[in-house]
Amino acid sequence: MKRFLILTKAMFLMHLRNGSVLFWNFAFPILLMLIYGAVMSQYMDYMTPGVIVLNALSFGLVSSSTMMLEMREKSVLRRLQATPLPAGQLIGSYLIVNIVIGVLQSTLIILAGVLLYKVPVSVPSLLLAYPMILAGLLAFMALGGIISGVSAKAGTATAVGMTIYFSLMFISDMVFPLDMLPEWLRNVVPYLPAYPVVQLVRSAMLDATLDPKWLTHLLLLAVYGIGATFIAARLFRWEPKA
């Protein structure tokens, strides 16, 4: 247990000392809120849950996947493999650090929404919203694990993650309402990974209730999360691709 705690602390400090992690995971979400607020401040009640999911998606597909690749490229994983530390503890430590960063990121966005745009939230709504945010983070990190598994370099993972991220950003009801999309696309979007998270978080945050289709949304997330975890585990490597 002591080794696990030491590794978790070291990994957390390593990420916090990374300038890009600090910017993209803490400064950029607030900057994004300011940009959206300047353009459409009257819609920030609707937009804030979308920004939360948007950044959780970015964190899972881009930040989380590149973190793993950077540790692989810098031979951190190879050195850890040579220690008595079980692989399960490494994965557990990695998940905890990523979850803590992701939750902190979401909390900053909520605070910005409340303080800057008076987004209505309550204790019951937050208690309902955070488990939904956590479910989304886990599913998105699992998908990011696939990206880190198939990518040879961190730059490649960033490019792949950003491509998927921007593709989902405009069609998953995060920024633009689903009604604005063509009919054929509206029939596809509910089966994409970001859409169920948006519905769950928005309903929880703004109405303190579960979305009417909450069970369907959670089951779809479970399919993505479990399936992606299995694939990512098969693709996991201790050393960089030759």
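Student: In this predicted model, does Ala232 count as buried or exposed?
Tutor: Ala232 belongs to helix H10, which spans residues 214-235. Its relative accessibility is 14%, and the cut-off for burial is under 20%. Ala232 therefore counts as buried.

Student: Which residues is Ala232 in contact with, leaving aside its neighbours within four places in sequence?
Tutor: Contact requires heavy atoms within 4.5 Å. With those sequence neighbours left aside, the partners of Ala232 are Ala142, Gly145 and Ile146.

Student: What distance separates the C-alpha atoms of Ala232 and Leu61?
Tutor: Ala232 and Leu61 are 171 residues apart along the chain. The separation of their C-alpha atoms is 13 Å.

Student: How are H9 and H10 oriented to each other?
Tutor: The axes of H9 (residues 194-207) and H10 come within 9 Å and cross at roughly 140 degrees. Roughly antiparallel requires an angle over 145 degrees, and roughly perpendicular covers 65 to 115. H9 and H10 are therefore oblique to each other.

Student: How many residues in the contact of H9 with H10 are nonpolar, polar and charged?
Tutor: On the H9 side the contact involves Tyr195, Pro196, Val197, Gln199 and Leu200. These meet Trp214, His217, Leu218, Leu220 and Leu221 in H10. The residues of this contact divide into eight nonpolar, two polar and no charged.

Student: Does Ser58 count as buried or exposed?
Tutor: Ser58 lies in helix H3, residues 44-73. Leaving aside neighbours within four places in sequence, Ser58 is in contact with Ser63 and Tyr165. Its relative accessibility is 17%, and burial means a value under 20%. Ser58 therefore counts as buried.

How values were computed:
Residues numbered from 1 in each chain as written. Predicted model: local features only at pLDDT ≥ 70, side-chain atom pairs only at ≥ 80, totals over all residues. Heavy atoms only, no water. Helix = DSSP H or I, 4+ residues; strand = E, 2+ residues; numbered from the N terminus. Buried < 20%, exposed > 50% of the residue type's maximum accessible area, 1.4 Å probe, protein only. Axes fitted to C-alpha atoms, helices over the stretch in contact; angles between N-to-C directions. Parallel < 35°, antiparallel > 145°, perpendicular 65-115°, else oblique. Nonpolar A, V, L, I, M, F, W, Y, C, P; charged D, E, K, R; others polar.
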